[in-house]
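Subject: Structure handover and notes

Hello,

Here is the structure you asked about, with its sequence.

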Amino acid sequence: MQVEIQNELLLLSVEKIIYWEKESAILMADVHLGKSTHFRKAGIAVPNELIFIEIDKFKKLINKYHPKRIFFLGDLFHSHLNIEWQLFTKFLDEHSSVEFILIKGNHDILPDIHYQFTNLKVTDEPYHLNPFTLTHHPLDENELKKNPAIFNIAGHIHPGISIKGKGKSSIKMPCFHLKAQQLVLPAFGDFTGLMIQRNTLNESFYGIAGKKVILIK
């Protein structure tokens, strides 16, 4: 679904990313690579093919949109170094024509030396990409009100929405959460969970329902 924000057209995609055609850029948040291996080391049974599924998703996005830049809005890698980082850096090497930028989140705790041997550019938040301010943590709403020219695109929350059906039935889905000066992306990673958001006035939710993005007021 395409939305206009700050006079820019952004595609909110079922792949849980934003595609900004004018800038040939993809924005995604909260991939959490390495999480499945991290849990297996702790003795929790998690399928080991999740990393290959995530990297395959990256490749499909590149083949579909042909972006010049991909922005990771934090929590790219879940925790300490493991084999999934090697698989990811191999993917980066195979797509050297794309510029990859990581805006560090609270889970991005790898020592800087591991980033130096990749074509991944790493920066702290905020990152200004006119007319947007990109962060991992959503900027405080009171601070945004003091700076009406700012529009923040962020991650971290893993937003989801719950829709009630007949009786006591309900369905939960990841969503894009749009406020007056802020758009929060759903978590890109499949092994991340949802934080269900309350449906309040002057906010919109774009739920990912199968192969469609639907507007939920």
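The notes below go from the overall fold to the cores, the pocket and some backbone details.

Please keep in mind that this is a predicted model. The protein contains five helices and 16 strands. Of its 217 residues, 49% are buried. Among contacts with a separation of 6 or more, 67% are between residues 24 or more positions apart. The accessible surface is about 11,300 Å², and carbon and sulfur atoms account for 53% of that.

In soluble globular proteins, nonpolar side chains tend to be buried together. Here the largest nonpolar core holds 27 residues, and Met28, Phe58, Phe72, Phe88, Phe100 and Leu120 have the most contacts inside it. At least two residues of this core come from each of β4 (25-28), α2, β5 (69-72), α3 (83-94) and β6 (99-103). Helix α2 contributes the most, six residues.

Largest pocket

The largest pocket has a volume of about 160 Å³. Its lining consists of Val14, Glu15, Lys16, Lys57, Lys60, Leu61, Pro174, Phe188, Ile208 and Gly210. By type, that lining has five nonpolar residues, one polar and four charged. Helix α2 (residues 50-65) supplies the largest share, three residues.

Backbone details

Most residues other than glycine have a negative phi, and most peptide bonds are trans. The exceptions to look at are these:

- Glu125 and Pro126 are joined by a cis peptide bond, with omega about 0°. Pro126 sits in the loop between β7 (120-123) and β8 (127-129).
- Asn130 and Pro131 are also joined by a cis peptide bond, with omega about 10°. Pro131 is in the loop between β8 and β9 (132-134).
- Lys16, not a glycine, has a positive phi of about 70°. Lys16 belongs to the loop between β2 (8-12) and β3 (18-20), and at 13% relative accessible area Lys16 is buried.
- His66, likewise not a glycine, has a positive phi of about 50°. His66 is found in the loop between α2 and β5, and with 58% relative accessibility His66 is exposed.

Regards

Note on methods. Residues numbered from 1 in each chain as written. Predicted model: local features only at pLDDT ≥ 70, side-chain atom pairs only at ≥ 80, totals over all residues. Heavy atoms only, no water. 1 Å grid on protein atoms, 1.4 Å probe; cavity = no way out; pocket = protein on both sides within 12 Å on 5 of 7 lines; lining within 4 Å. Points joined across faces, edges and corners; volume = space filled by probe spheres on them. Helix = DSSP H or I, 4+ residues; strand = E, 2+ residues; numbered from the N terminus. Nonpolar A, V, L, I, M, F, W, Y, C, P; charged D, E, K, R; others polar. Buried < 20%, exposed > 50% of the residue type's maximum accessible area, 1.4 Å probe, protein only. Contact = heavy atoms within 4.5 Å. Areas by Shrake-Rupley, 256 points an atom, 1.4 Å probe, with all protein chains shown as cover. Core = buried A, V, L, I, M, F, W, Y, C linked by side-chain atoms within 4.5 Å.
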